[in-house]
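Subject: Model handover

Hello,

Here is the structure we talked about. Please have a look before reading my notes below.

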Amino acid sequence: MSAPLPERPDYDWLFARTRAGQARGPEGARALLGDLGAPDGRFTAIRVIGTNGKGSTCAMLEAGLLAAGVRAGRFTSPHLHAYEERVRVGGQEVDPAETARFIAWAKEHAPDAAFFPLTLAFAAQTFAQAGVEVAVMEAGVGGQSDATQALGRVAAVALTNVDLDHVGVLGPTLRDIARDKAGAALPGVPLLTTATGEALEVIGEVAGQAGAPLYTPASYPDLFSLPRPPALAGAHQRSNAALALATLRHLGYMAGVEAALSASYPARMERFEVGSKTVLVDGAHNPHAARALAQAVGQADTLLFGGLARKDTAATLAPLLAVAPQRVFTAPGDLASPPADLAAEYGGEAEAEPERALRRALALTPPGGLLLVAGSLYLAGQIRGELLKRP
């Protein structure tokens with residue numbers, strides 16, 4: 001008789017599964033999928049890759065597939081509030097009981113595996129068992145070097161954009177990063193992208209070498225056309241929507257176009273009303289995303305910012321500083337840039353605890369004013385959680 005499962009999944013064990021010096025790449029995920037009987041061979045995958053916009057594109061693809069009558073799954077990261085947000089079937093998050101079962105299996109059969117390959121394997125197993133037909137699979141970091149490269153049945157690769165991020169992993173230049181992301185290209189599998197400029201040049205080279213048909217707005221304007229703006233706010237979401245619609249159309253899911261445009265996704269310029277004040281929560285966490293956010297917002301009264309120390313904080317903050325004259329800096333976790341250092345360097349106040357930082361930022365924001373929250377998806381999740389508690 002097997003031991004009873006714990007009432008609560010052992011998230012602490014799972015979150016502690018760092019790579020611990022293991023090489024980055026698909027090998028670990030490939031081994032896990034093999035141990036589980038190749039569940040990724042029982043559904044078709046749409047891989048979503050890029051520097052920014054992956055989550056929004058995944059949300060639009062999921063909504064479109066469901067509206068087209070497809071039994072769809074969605075794998076995204078990170079989560080904002082609960083681990084199960086990462087794995088969805090039919091538009092619903094997986095039950096924590098399924099998480100507990102998988103963790104119990106992993107403790108016995110894969111105790112040394114890393115967190116992201118484990119979560120990818122959990123998603124694949126869940127999708128296979130649930131009879132998912134098409135799964136939208138968001139890459140973690142890169143393309144060729146990402147765990148999602150292990151997936152066996154890929155129907156399309158959707159590449160949102162390429163900019164400088166994760167340079168310590170993917171390489172120091174735009175061309176290096178573009179080459180890794182485009183390395184997801186597979187022979188005969190369509191590669192659709194809204195990337196531009198130098199990145200697109202590299203993507204074209206890699207796709208050609210791999211024998212992957214390349215689709216861009218310039219070469220297939222009708223495929224990427226938008227009948228109306230998407231529900232998600234910001235000019236940058238038009239590009240994400242164009243990519244999602246092109247992917248749906250190319251794969252034959254025309255019935256999902258309207259639903260894809262109407263999709264929502266949390267912490268993407270998400271608005272909350274707190275009394276007479278508006279709070280805008282966004283997960284912008286790198287320079288490219290921060291520039292897009294600053295352009296979309298234009299002007300705010302207060303900025304609440306917290307970012308991870310390993311990120312390019314100066315370049316991420318630069319466009320946001322011009323948006324808001326008042327700033328409060330906080331720490332979304334132990335690995336955050338010290339708020340006191342940021343306040344001293346960029347001008348503003350420091351409050352390490354996010355809940356207290358939110359209260360201070362709201363106090364600084366005048367009635368009828370706008371508070372902008374950005375710098376990390378972890379911070380977005382923490383602040384969003386606090387705002388959802390308010391009446």
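This is a predicted model: local features need pLDDT of at least 70, side-chain atom pairs count only at pLDDT 80 or more; totals for chains, interfaces and linings use all residues.

Residues are numbered from 1 along each chain as its sequence is written, and side-chain values use heavy atoms, with hydrogens and water left out.

Strand 1 spans residues 44-49. Strands here are DSSP E runs of at least two residues, numbered from the N terminus. Of its 6 residues, 6 are buried (under 20% relative accessible area, 1.4 Å probe, protein chains only). Thr 44, Ile 46 and Val 48 cover one side. Ala 45, Arg 47 and Ile 49 are on the other, also buried.

Strand 1 has pairings to check (at least two DSSP bridges between two strands). With strand 5 (residues 134-138), the pairing is parallel, over 5 bridges. There, Arg 47 is bridged to Met 137. Strand 6 (residues 154-159) also pairs with strand 1 in the parallel sense, over 5 bridges. Ala 156 is the bridge partner of Ile 46.

The whole-structure search gave 1 cavity of 30 Å³ or more. A cavity is a set of points on a 1 Å grid over the protein atoms alone where a 1.4 Å probe fits but cannot get out. The lining residues (an atom within 4 Å of a point) are His 285, Phe 305, Gly 307, Leu 308, Lys 311, Thr 313, Thr 316 and Gly 375.

Best wishes

Methods
Buried means under 20% relative accessible area, exposed over 50%, partly exposed in between (1.4 Å probe, protein chains only). Helices (H or I, at least four residues) and strands (E, at least two) are DSSP runs, numbered from the N terminus. On a 1 Å grid over the protein atoms alone, a cavity is a set of points where a 1.4 Å probe fits but cannot get out, and a pocket is an open set with protein on both sides within 12 Å along at least five of seven lines; lining residues have an atom within 4 Å of a point. Grid points are joined across faces, edges and corners, and a volume is the space filled by probe spheres set on the points.
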